[in-house]
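Let's take a friendly walk through this protein, starting with the whole chain and ending at one position.

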Amino acid sequence: MNRFITAVTAMILAGSMAQAQVTDEDIANDATITTQVVTNGMGRSLQRYSPLETLNKDNVANLIPAWAFSLGGEKQRGQETQPIVYDGMMYITGSYSRIYAIDLVTGKEVWQYDARLPEGILPCCDVVNRGAAIYGDNIYFGTLDARIVALNRKTGDVVWNQKIADYKAGYSYAAAPIIVNGLVITGNSGGEFGIVGEVQARNADTGEIVWTRPMIEGHMGTLNGAESTMTGTLNATWPGDMWKTGGGATWLGGSYDAETDTLVFGAGNPSPWNSHLRNAGTPTEGNAGDNLYAASRVGLDPATGEIKWHFQTTPREGWDYDGVNEVVAYTDRAGNMRYGTADRNGFFYVLNREDGAFVSASPFVTQISWASGIDDTGRPIYNEDNRPGDPAAAADGAKGETVFAVPSFLGGKNWMPMAFSQKTGNFYVPSNEWGMDIWNEPVTYRQGAAYLGSGFTIKPLYEDYIGSLKAIDPDTGEIKWEYKNPAPLWGGVMTTAGGLVFTGTPEGEFIAFDDETGEKLWSFQTGSGVVGQPITWDQDGEQYVSIMSGWGGAVPLWGGEVAQTVSYLNQGGMLWTFKLPRQFAEAN
């Protein structure tokens, strides 16, 4: 069996532990219930903000380790998970599609499930998993062979196991699912293999598909087993049959805005990267070469999967400026309902929550070269001479003109989640300052093979730092403070009502900053690079903080010259849990 049960599980089966179930109300109120974390993002809006203030600027120096849990074995690759906390248990996912249940008090393993992946999986960017979802008596997580698995959260037994897509065609899945009104909602991965991005909603009890919504124009959605509506209009923004392998992977998962009853998913880069193949020779005629809905944020009806609105951050995308970055619902200082999203293309966007309409955009990294700015409608003002050249125009037809583009294809911000503070009204964005040599090449689609049509080498922009944690005022775009880090930042961020901002670095430091000044107030060396996502909760009147440590992800695999600069970093797989001892909380 691929499930390992300890004696603790037998106690659970004997009924010695609580039998609570995760309800829709638990999920809806997760951002305000301080004794649990049952959603990815510490609330479905993804603010990653905790109202807890027991731990604060005055006493964070007293934060100490409570327990640690090792994932063990030889499978020490990138560990990007966010823990789930409920009913005396913590659940984490690990590399190679594993999931663990851990006793919240002792840190001991209760059960472990290993998906036992087949040969031939095609993950693009390490064998990571970013977390799970929990509902009722089940815990749900995705696997790198493009499946979604429901387990009994108390025993680890499989409840159902369903296929999202065909892994042999390049599909995979590593994001945390989300739960809305009894539906388990997932995206897919594989944008570098000519797949088609899609969102799927399943019955949480049975795993049966309720609706699907492809992200690329020309593909049909489904509702209750029948075709519903076409995404967009066939060939409106795609030439010929290129829509059939158009990319737009929904690989980061989504968020849910309860106030507008809207799911918001990002659709990734179009396929192939070579934009000249996708333009049909008409890039200036309306939106003929925009390649919808790739590189977009898309608002969906959670009951049917119908598209409510879309906003495309990089039309006619040609640098792999993936559009999946998380969309965070918040209310600005003037009381307006807004979305904030920091795009891979280097611009921070503010959108209207009612219809996804453009409000503003401002650069959050330096030396952006592909565009001179964003116009009043939200479209980029392109620097066309910074677009990689057309191979068909080259003398040998084998390689287009090379350009040095900023940011690199790994983005001003990649997958690593930012946080919003209700206390300061600012976003805290993990970003990177780098560029790339990039060129286009001829390419032909072949199922299961890389479908890029580009080559690249990433290079740092500055000698003394690459990573940059930035506090950004979304109302003005002003950067309030910045923390510079030698290695690229690749982990998540969390804020608290105690005035703290938590994140980790590839060098292994887990750090707490002052949310107003950026002053480093506390740090702990975890022993490996931090690319996980921190959480905090209250347990018996004491505040706890957890983070996963384990270096990996896309940087060591795709980072070019940057990867060489961090090749000394050690891999690992350790979950660290800290607490503020009661006497320091009471003294405050």
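Helices (H or I, at least four residues) and strands (E, at least two) are DSSP runs, numbered from the N terminus. This is a predicted model, in which local features need pLDDT of at least 70 and side-chain atom pairs count only at pLDDT 80 or more, while totals for chains, interfaces and linings use all residues. Residues are numbered from 1 along each chain as its sequence is written, and side-chain values use heavy atoms, with hydrogens and water left out.

Begin with the overall fold: the protein has five helices and 41 strands. Its radius of gyration is 22 Å, close to the 25 Å that the globule rule gives for 588 residues, so the protein is as compact as a globular protein of that length. That radius is taken over C-alpha atoms, and the rule is 2.2 Å times the number of residues to the power 0.38. Along the principal axes, the C-alpha atoms fill a box of roughly 70 × 50 × 50 Å.

Now look inside. Of the 588 residues, 64% are buried, where buried means under 20% relative accessible area, exposed over 50%, and partly exposed in between (1.4 Å probe, protein chains only).

Finally, find A20, which sits in the loop between α1 (7–13) and α2 (24–28). A20 is partly exposed, with a relative accessible area of 31%. Leaving out residues up to four places away in sequence, A20 touches Y86, D87, D137, R153 and K154; contact means heavy atoms within 4.5 Å. With Y86, the separation along the chain is 66 residues, and the C-alpha atoms are 9.1 Å apart.
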